Structures are given as C-alpha cells and as structure tokens.
Amino acid sequence: MTSTIQTPKVLVSPVPNPYLPLPVRIEHVHVETDDNMLKTFELTFMREEDACNFHFRPGQFCEVSVFGKGEAPFGMASSPTEPGPLKFTVNKTGVLTTALHNMGEGEILGLRGPLGNGYPLDTFEGQHIVIIGGGFAFTTLRSLIQYMLDPSNRSRFQDITIIYGARLPGLLLYKEDLVAWEQRKDVSLYLTIDREVPGWTKLAGFVPDVVERIAPSSKDAYAVICGPPIMIRLTMPKLTALGFPPERIYSSLERRMKCGIGKCGRCNIGPYYVCKDGPVFSYAQLAGLPQEY
Amino acid sequence: MKKRISKEDVITFLARLLKDYTVYAPAKVADYVSFREVASPEEVVWDCLVTRQPPKEVFFPQTEALFRYVKTANGLQLQSLETVERERVLWGVRPCDVQATLVQDAVFDTPDVRDVYYTNKRGKTILIGIGCNRPLSTCFCTSVGGGPFKKEGVDLFLTDIGDSYLAEAMTDKGKELLKGSYFHPATRADLKTAKTVEEAALKRLPAPMDLQSIKQHLDAMINSLFWDDMQATCLGCGVCTFLCPVCHCFDIVDEGTPSCGQRVRNWDTCQYCIYTLEASGHNPRPSGKERTRQRLMHKFDYYLINQGVIGCVGCGRCVQLCPVNLDIRQILVELGEAK
C-alpha cells in the first residue's frame, strides 16, 4: 500500500491520553494453520521512541486498532526476550479480525498497551511449570515459554512441561518453535491431536486425558492452562486429582473488551476487570465469583 | 461562608456567569427537562427536582469523538479531541447527582490511568448545587448514604428559603463567586428558615439501609434463584442504566473508512445481550438472569470493593422510568429475604 512511511504526526497533550493508539506497521504476515484461519502478524513501531518505551511481560496484551473497524484485544505471542517485531496471532472470527486478515505487509495499524497483568513470573520462579494449552489459545503461552527458555531466564525455573493439543496436526501453532522445543533436553513437550491420523507419530486424545496419562507432579509446581472452556472444565478435575490446589492453577481469560483500562465496564468478573486486574488469574481468585467467562 | 441572594438577583448572578462560562443547567429538551447548555437564565427550569437525564452528560457525553484519524500516503495522523477550552458551570445540580459525579470521578480518574476526556471537562467545571426542599416519592438518597442537602462535592450550595436562596461556599472557587455584590450577609432568620426547610425535606425520605449487610447477602447469592424471578419481568431495555447518574459503561467504535474517520465512544449498558457477546458467539452473560445480577452486584457489591462507595445515589430515575415498574428499593428489600 504505502511505500514510503514517514514519522506520523500525533498531537497529544502533556497528560498521557490512554485512548490514543501508537502507529505500527505490519512487517510480515505468516499463515499459521492449514485452514488459513490463524495468521501471525509481526508489527513494528513507526516511531523509534514508542519502540524504546514499550516494555511488556508475557501474558500482557494490546488493543490493536484496525482503523475504520475499531479495536480488539490480542495477547502478545512474542516474548520480551525476543528481538524484532511484536507478534500477534489472530483467529479470523468477526468483522475486525476478518479485515485484519485481509491486510498485508506495509499497512498501518494502531496499538495501545501493554495492558493487563501478565503471568506471575516472580511467583513461578524456582518452581516446576506445567503448561497446558489447547487449540489457538496458545499465543501468550508461547510468549511465556519463550521467556522461560531464554538463556537469561532458564535457570530461574525448574522443569518445564508443555502439553499442547489441537484437533488436527495442521492446526497446531508455531510449528518451528515446537520442533525447537522438542529438541531441547530441558523441556518435556507432549503434543496431541484429537484422533490419530496417518503420519502422526505423537500422542492422540483430548488434552484432559493426556494430562491424566502424563500425570505431571504437583510438588513445587504451578499449572498454567489456556484453551477452550470445555477443555479447561474437563482438565480442572484432573489437575485437582494430581494435587494442584486452585491457587497453583493459573489461566489467561478472554472477554469482550473495549477500553482495556478498567473504565468501560464490560469485562468484569465479579469485582475484577479482566483487562486491568487480569487477564491472568489463579483459580483461587475466581472461586466464589460468577462464572462469567 | 454563608450568604443570601434574592431570587431576582440570582437571575443576575446566572447572567453574569453566562458571560464567563459555558453554563449547563436544567432546561427543556423536547418534552422533558434535562441538563444542557443554556444561553440565558430564561431557559433554566427552576422547579425540576430530578431531571430526565442526569448531568453526567456534561463530563461524559452520550456520544463523544475521541480522536480523528487520517491515513496519508506517507503515514498516519491522529488528532485528539480531548482539549476543553472554556471554563464551565454546572448549575442547579442536586445532591444525589453530585454524589454520582464523585463516584464517576473514582472510576475515570484513578492513580494508574486518567481518562483525560472526562477529567479535562471535570477539572474545568464549577458545580453549583441546590438542595431539595420537597423530595419526590421516588427519591431515596437517605437510604444510600446521601441527603437532600448534602453539600459534599459542590463549589457553591444553594438552599431555597422562600424569596431568597441561602448560598454556602464549599470551596475557594465558591468563595470567589460569593464576592458578587448581589450576595448579602445571611441573617439568623435565614439560617433558621434553611434548617426548617432541611428538616421538612428529611421527613419525606426513608431511613438508611444497612449497605454492608446487603453486600454480604449479595456475596452469598451468586447462584440464587432470586435472579431468575427478578429478570422474569425485565425487558432488558437498559433505561435504568442509561438514565443512572452513576453508570459509566461505554462502547468504542470507529466511524469512517480505513483511511479516514473518527473513533467515538457511546454510552453502553450491561443490560444488553450484545454487551458481552464475543465474536465467537460465546456470551458469558447469556440471559437476563446474569445481566440483572450484574447490575445489582456492580452497584451494591463491586463498587464497594473497588471504589469504597456504592453505585447508587437514590435519585430514583430507574424507579420512575422502568417500563415494567421494577423498583430497585423493592428489589433490595426482597434481596434481604431471598436465599
């Protein structure tokens, strides 16, 4: 679209305006899955100072502006330890994500963030980490894994176990990363698909059953679980049986969001706003609240 | 500091304010009275106790453009529309609506994030409040911690004492306003009349509710059948939230094309199905049960946790205007009896 992009003019007041997006450019688009429904967008800030001021933790998210369509929240799929563009993996679902899927390299988007709390890395330190993901809810889990596996961080965590399932092999995200993780000795990676298909040599079966079969120890361990509600609902009792208490099971929740800063009101679960107090919660925090997620 | 001003002079006072400030006051809007910008004192409706819309519109318009965007051949231009040039006066605001504004302050102006669109307007606005001599049958400010002559939050407070107003400055800005030549020292008789008026008003209002016990009750009622019963008559029209002076929920949408347009925020309501409906089709609050529960829990439980105050000021607009006569006062009584 635009061949030469100059520094854009943004008129702002001395008090930071939390609603103004920062201009970013689509650097690269990568199709993640065989069904073409998931694409990873690599975004770079158009102003040097925005790039310098942007510091995030795994599990945080941004409001991405597709001008003319609006904004929607997406978790960072890249890790702060990775140099280069920010990565967002987007499922084509609604009006905004469809418009985004139709956009290509060089096009301009807006970004507000980082927003939300991110994963409790300090709490995880010195502990075994069991990561359980299903379907396309693996994006911020990738960020977390890449962060923990970074040479500067790996020694801060003990054993890292990853259980990741998808319906079909072609629907697994981040295939290059999966290969790299598989080759590492300091990660236990279990990949599963719903039913066996020819050529598939890894596990078959639903994530809850695989969790039960692998039976990761709950001693000095935290579990992080992200996936479709049905997967989470069926995995929770398995984790409980393995001895994980609710305060040692974390999840990143999704809700329809607008402002991302706890003002517009719509993403609350009880007194918590998913945008501001989350999106990462322990199940101990969610106990006794309406199950509105 | 207390002074008196005659009802004739108060017109002069207002006319004087109109020279220096943009003035919002209760005035006719179509067939009803709401807060809007007025050009002369004649437009002001003096005897309306509870305006149709609350004055929240002055700080948080129902529709507000946040910024304009233009994509040019060589980049992106954003023009924020947050600046407020002229000082404003909110004239004739009632104590319940002032209390609601203080609750909204706690939402929009938090230490971590300032909503500049709200705070810029709020910071440039002088509040001139007026007491309620004859509260309506739908008023219940005293039940929820307020009062018909509660002065907290205003710069200047007026009490109608017959042919005059008793004017009390609550802030330095208010003291400044009292320097006008039309204000005269209040007499002992004026103060006595004001006290009589206040006492008479209080007699028309209900007793305080035990808000902590309501909260504790709500905490235990998440899965109560009470919500099924309560939502059975609710149409989900959202009028209770749109006209609520405390409710602050909004939607953000783009108006325009990918290359130029504006980003706008509009009032929204938790009573609509689409409010929480996700693009996937999943809706965490799929029925009226969850949505009515959200409204009550937010007002009487979550606000207490997050803002330290409840999200209801007893203005009674939701009671007056609910098309199926749902009465929040009655709901709170039934809550206490429900399991």
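How many positive and negative side chains does chain B have, and how far apart do the centres of the two sets lie? I looked this up before anything else. Chain B has 42 positive and 42 negative side chains, and the two centres are 3 Å apart. I note here that the model is predicted.

**Entry: charges in chain A**

I then looked up the charges of chain A. There are 29 positive and 30 negative charges, and their mean positions lie 5 Å apart.

**Entry: chain A as a whole**

I went through the secondary structure of chain A and found eight helices and 16 strands. I looked up the extent of the C-alpha trace along its principal axes, which is about 55 × 45 × 35 Å. The radius of gyration of chain A is 19 Å, and a compact globule of 293 residues would have one near 19 Å, so the two agree.

I noted that 58% of the 293 residues in chain A are buried. For chain A I also took the accessible surface, about 12100 Å², with 52% of it belonging to carbon and sulfur atoms. Of the contacts in chain A between residues at least 6 apart in sequence, 67% join residues at least 24 apart.

**Entry: chain B as a whole**

For chain B I found 11 helices and 12 strands. The C-alpha atoms of chain B fill a box of roughly 65 × 65 × 40 Å along the principal axes.

Buried residues come to 55% of the 339 in chain B. The accessible surface of chain B is about 14500 Å², and carbon and sulfur atoms hold 52% of that. Among contacts in chain B with a separation of 6 or more, 71% are between residues 24 or more positions apart.

**Entry: helix α3 of chain B**

The buried residues of α3(B) are Val116(B), Tyr117(B), Tyr118(B), Thr119(B), Lys121(B) and Arg122(B). I then checked what they pack against in chain B. The strands are β4 (63-72), β5 (75-80), β6 (88-93), β7 (125-130) and β12 (260-267), and the helix is α2 (95-108).

**Entry: nonpolar cores**

I looked up the largest nonpolar core, which has 64 residues. Those that touch the most other members are Tyr19(A), Ile132(A) and Ile249(A) from chain A, with Phe67(B), Leu90(B) and Phe250(B) from chain B. Helix α7 of chain A (residues 229-241) gives this core its largest share, four residues.

I followed up Ile249(A). Leaving out residues up to four places away in sequence, I have Ile249(A) touching Ala223(A), Ile225(A), Met236(A), Leu239(A), Phe244(A), Phe281(A), Ser282(A) and Tyr283(A). I also found a second, separate core of 35 residues, including Leu38(A), Tyr119(A), Ile145(A) and Leu149(A).

Most peptide bonds are trans, and most residues other than glycine have a negative phi. I looked for exceptions to both.

In chain A the peptide bond from Gly113(A) to Pro114(A) is cis, with omega near 0°. Pro114(A) is in strand β7 (residues 108-115). The bond from Gly278(A) to Pro279(A) is also cis, with omega near 10°. I placed Pro279(A) in the loop between β15 (272-273) and β16 (280-282) of chain A.

Ala215(A) is not a glycine, yet its phi is positive, near 50°. I found Ala215(A) in the loop between α6 (207-214) and β12 (221-226) of chain A, and at 38% relative accessibility it counts as partly exposed. In chain B, Asn325(B) has a positive phi of about 60°. Asn325(B) sits in the loop between α10 (317-321) and α11 (328-337) and is exposed, with a relative accessible area of 64%.

**Entry: Gly199(A)**

Is Gly199(A) buried or exposed? I have it as exposed, at a relative accessible area of 76%. Gly199(A) lies in the loop between β10 (187-193) and β11 (203-204) of chain A. I also looked up its C-alpha separation from Met257(A): the two are 58 residues apart along the chain, and the atoms are separated by 41 Å.

Conventions
Residues numbered from 1 in each chain as written. Chains lettered and ligands numbered in written order. Predicted model: local features only at pLDDT ≥ 70, side-chain atom pairs only at ≥ 80, totals over all residues. Heavy atoms only, no water. Buried < 20%, exposed > 50% of the residue type's maximum accessible area, 1.4 Å probe, protein only. Helix = DSSP H or I, 4+ residues; strand = E, 2+ residues; numbered from the N terminus. Contact = heavy atoms within 4.5 Å. Core = buried A, V, L, I, M, F, W, Y, C linked by side-chain atoms within 4.5 Å. Rg over C-alpha atoms; globule rule 2.2 N^0.38 Å. Areas by Shrake-Rupley, 256 points an atom, 1.4 Å probe, with all protein chains shown as cover. Lys, Arg positive; Asp, Glu negative; His and termini not counted. Charge placed at Lys NZ, Arg CZ, Asp CG, Glu CD.
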